[in-house]
Amino acid sequence: MSEAVVSDPKAKVVIVGAGHAGGSAAAFLRQYGHEGPIVLIGEEPLLPYQRPPLSKAWLKGEADADSLALKPQEWYAEANVALRLQGVATSLNRGDRTVSLASGEVITYDFLILATGARARELPIPGADLAGVLALRTAADAESLKAALGEGKRLAVVGGGYVGLEAAASARALGAEATIIERESRVLARVACDTLSTFFQDYHGARGVKFELNANVEAFEGENGHVTGVRLKGGEVVACDAALVGVGAHPNVELAQDAGLECTGGIVVDLEARTSDPRVFAIGDVAHRPLPLYERQFRLESVPNALEQAKQAAAAIVGRAGPAPEVPWFWSDQYDLKLQIAGLPFDADSTIVRGDVAAARFAVFHLKGDLVQAVEAVNAPPEFMAGKQLIAKRTPVSKTKLSDPAISMKEVAA
Amino acid sequence: MAKITYIEFDGTEHVLEVKPGLTVMEGAVKNNVPGIDADCGGACACATCHVYVDDAWTDKTGDKSAMEESMLDFAENVEPNSRLSCQIKVSDALDGLVVRLPESQH
């Protein structure tokens, strides 16, 4: 584009996607004094809500729709954010600066924020369309899963990632049986180190979760249209009343791709969350974003990432300085375990385990030379907090001190 | 409802009626008060909802858990009256509570 695009606090901003990223972008725009109209389009019938509790507090009945909502209904009217819930954006015309909805409505924009998120990857195997074969991305998904759990019910989880482990823990808390079926030789294979995988598998095993590792799922079996089991290669069948499929997610790039925006493993953006079109931003799970600490582009699926990018886009649109760069981080709650992860183990050449794995209080540090790249902390907030600061500051650390739990993290990080 | 006053670092005051049962953090976030980020949504996992509790109220807001204590230990600009606002449950007894926000949560 040849025209100079300036920030404009009076511009009309259209946000496609009303998840954590999209909803937060609207809120940050207003916090930053944006005066122009804001239209927020979301496919779900619900106001923007928090997804992390869906596999935890929500399943256990400890959260309700109001507590999950980012903002109450009144806020949107007060803040003059026009909602198009159950609105499906079908195409984007960058020349005219319009978004078309399935309803036939055509909405013009000065700036567009794509927060279209990611969708659960489906298994292309027989029986995948049986009732009781579930995913866990939305509140509606969580509601279906919750209805399938309870005393004596049997849950099969396909995929030993965080969603699967959290759901299995919640199932156990509700008195249901849970079996985790994983293709790799360990759970969390793609996202965590060996030590952590083994620890989580043992912890779940001790609480009654069963595991089928190195297992390829061949089909879902059913009766009267409802799932009754998961058949593995080799013939074994894991009997179940419901099967949760948690095998990763695909970024929803189609709208951007069809409109000719650069997409590589997500919608490619810069540190202002701007795409290859200066009037279009992409934030949250769908964005392939720079990670300056690791000198690469990557796609992150996390709330902190959604919030950071929502701030970047809102700041760029109103013309104020962007937020301070953050270390990517993640968390997970299972049973009485609090897992906190800071950074990503890119280019790491050594690991240090600090603390007592058997006592469920430890941290695994991933180092590149003497720089901390990432830390995975179980019930170890000081290691997480200090580790996060070490990652941000890029200051060398003494491995000897780091491996000695008698030396406080304050001293290690000093 | 409990009246809670949130004072931003620049002095801007937000006086809100917050429903008992919510946390002080939720009262701020649901009303879009700038300066309380609450990245983790109240799981005591991030220390981005740090506030200073007005001295008159420190007794009524209760004690910090070990988890909160160790998260705060590594937060920026911590004072004796620092709390993570996701760990303070609003009740009628907190009607009139005043909290101040730090310059930054990160």
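**Chains A and B: how we know what we say**

Q: What pattern does chain B follow, read along the sequence?
A: In this predicted model, the pattern along chain B is β-β-α-β-α-β-β. That goes with two helices and five strands.

Q: Why is chain B called as compact as a globular protein of that length?
A: Set the value against the rule: the globule rule gives 13 Å for 106 residues, and the radius of gyration of chain B is 12 Å, close to it, so chain B is as compact as a globular protein of that length. Along its principal axes, the C-alpha trace spans about 30 × 25 × 25 Å.

Q: How many of the 106 residues in chain B are buried, and how do you know that?
A: Buried residues make up 39% of them. To get that label, a residue needs 20 or more other C-beta atoms within 10 Å of its own.

Q: What share of the contacts in chain B with a separation of 6 or more comes from residues 24 or more positions apart?
A: It's 66%.

Q: What makes the largest nonpolar core a core?
A: Its members are buried residues of the nonpolar kinds joined through C-beta atoms within 7 Å, so a set linked that way counts as a core. This one has 104 residues, and Leu145(A), Leu155(A), Val157(A), Ala243(A) and Leu244(A) have the most contacts inside it. Helix α5 (residues 162–173) of chain A gives the most, with seven residues. A second, separate core has 51 residues, including Ala18(A), Val81(A), Ile267(A) and Ala306(A).

Q: Which residues is Leu244(A) in contact with, leaving aside its neighbours within four places in sequence?
A: They are Leu134(A), Leu136(A), Leu145(A), Leu155(A), Val157(A), Val158(A), Gly164(A) and Ala167(A). The test for each pair is C-beta atoms within 7 Å.

Q: How do you know that chain A touches chain B, and what is on the chain A side?
A: By contacts: 24 residues of chain A are in contact with 16 residues of chain B. On the chain A side, α9(A) gives the most, with five residues. By class, that side has 15 nonpolar, four polar and five charged residues.

Q: What is between domain 2 and domain 3 of chain A?
A: Domain 2 covers 133–245 and domain 3 covers 336–413. Their centres, taken over C-alpha atoms, are separated by 30 Å, yet six residues of domain 2 are in contact with seven residues of domain 3. The domain 2 side of that contact divides into five nonpolar, one polar and no charged residues.

Terms used. Residues are numbered from 1 along each chain as its sequence is written. Chains are lettered from A and ligands numbered from 1 in the order in which they are written. This is a predicted model: local features need pLDDT of at least 70, side-chain atom pairs count only at pLDDT 80 or more; totals for chains, interfaces and linings use all residues. A residue is buried if 20 or more other C-beta atoms lie within 10 Å of its own, exposed if 12 or fewer, and partly exposed in between; C-beta atoms are placed from the backbone. Helices (H or I, at least four residues) and strands (E, at least two) are DSSP runs, numbered from the N terminus. Two residues are in contact if their C-beta atoms, placed from the backbone, lie within 7 Å. Ala, Val, Leu, Ile, Met, Phe, Trp, Tyr, Cys and Pro count as nonpolar, Asp, Glu, Lys and Arg as charged, and the others, Gly among them, as polar. Domain bounds come from an automatic or database domain assignment. The radius of gyration is taken over C-alpha atoms; the globule rule is 2.2 Å times the number of residues to the power 0.38.
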